[in-house]
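Trainee: Could you take me through one part of this model in detail, keeping to a single sheet and whatever packs against it? I would like one connected account, with the cut-offs stated as you go.

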Amino acid sequence: MKRAVLPDQLQRFCQEGLSIALFQLHDAVPALAALVAMLEQAMPARIQTNLYASFGRESAFRAHHDPHDVLVLHLHGRKRWFGHGYRPEVSAQPGLVPDAHLAPAQWDVVLEPGDVLYIPRGQVHRAAVEGEASLHLTNSLLWPRGSDVLRWLAGGGMADVGFEADVPVYGDAADLARYESDLRDQLRRLADTVDLRAFLATFMPQRRLRLPLNLGLSSDLAPDCWVQPLLSAGLSLPTEGGACVPFNGGEVTLDPQERAMMAALLCHGTRQVADLPDLSGLDAGTACETVARLARRSLVLLVEGDAMGREFPP
């Protein structure tokens, strides 16, 4: 079945107060993929970006709370946000709050283009457009949780605790009882020896990032092209030679030039191509070739200078 947008009907619906929600937009818009990559590089969280366009006074959702922290980035128009306190029964699913059960607003704030609002997990909130229309992004911050720790443990996170013995499916009641007793002992031992530092040290390097697809590398890189590293910001690299480093759940090998370039980017942050020879100690030609190799392996993200402006965040 062929689908097509009907602009006239869409305009009419918008005039009648339609709200439009576009989910996982970072999978389709390179600039938003860059935003997600920066956020995921800077914090141990998975990021999901949605876009909401509201027309008229109504918002896309009634009062509700989310099962994750949210960063709202306002893009167009004006929108007033209201906070109605916390719900202690925060679960894995968002929860709508009927008007009859809605507590009085504890705070309200108007967002304009460029404003950012942080909404903690479980905070009941709602919004209303002030004016004709508004547009904003929501970046969901999915922090590691106990369920991630359990999956890590089940995958061998605690090597000295084993659960590989077969369940005696054909055994008698005594066999099952012995297995249950042994399993309980192992679970108690596991609970007593959980090491969250070890979990975080494993979880952060093994996160699966949304890797960019860098096209246009058949031509020379423009001097004003921005280069953003995608390796973990806290990664320690050797001062000379190559390196083998964790990346996206595995390991990648950097040759000496790639190691020098990545070390410069991790130290100084996102920089333009013209700045990289001085920062990396490589000549201009080698610096461009090295960036191109890193881009082909999705170890850096390239953004045209005009797309991001001169004030690309470090």
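Mentor: The part to look at is an open sheet of three strands in the order S12-S9-S13, paired in antiparallel fashion, where strands are DSSP runs of E of at least two residues, helices are runs of H or I of at least four residues, both numbered from the N terminus, and two strands pair if DSSP finds at least two bridges between them. Its edge strands, each pairing on one side only, are S12 (271–272) and S13 (300–303). Strand S9 (residues 226–229) runs antiparallel to S12 and is joined to S12 by two bridges, with tryptophan 226 standing opposite glutamine 272 of S12. This is a predicted model, in which local features need pLDDT of at least 70 and side-chain atom pairs count only at pLDDT 80 or more, while totals for chains, interfaces and linings use all residues. Residues are numbered from 1 along each chain as its sequence is written, and side-chain values use heavy atoms, with hydrogens and water left out.

Two helices lie across these strands. Helix H6 (residues 256–268) lies across S9, S12 and S13, running at about 90° to S9, and helix H8 (residues 284–296) lies across S9 and S13 at about 110° to S13; axes are lines fitted to C-alpha atoms, for helices over the stretch in contact, and angles run from 0 to 180 degrees between N-to-C directions. The axes of H6 and H8 come within 9 Å and cross at roughly 90°, so the two helices are roughly perpendicular to each other, a label given to angles of 65 to 115 degrees, with those under 35 roughly parallel, those over 145 roughly antiparallel and the rest oblique.

In the contact between them (heavy atoms within 4.5 Å), Gln257, Glu258, Met261 and Met262 of H6 meet Thr286, Ala287, Thr290, Val291, Arg293 and Leu294 of H8.

Glutamate 258, which lies in H6, counts as buried because its relative accessibility is 4%, buried being under 20% relative accessible area, exposed over 50% and partly exposed in between (1.4 Å probe, protein chains only). Beyond its neighbours within four places in sequence, glutamate 258 is in contact with Thr253, Thr290, Arg293, Leu294 and Arg297. Glutamate 258 and leucine 299 are 41 residues apart in sequence, yet 9.9 Å apart in space from C-alpha to C-alpha.
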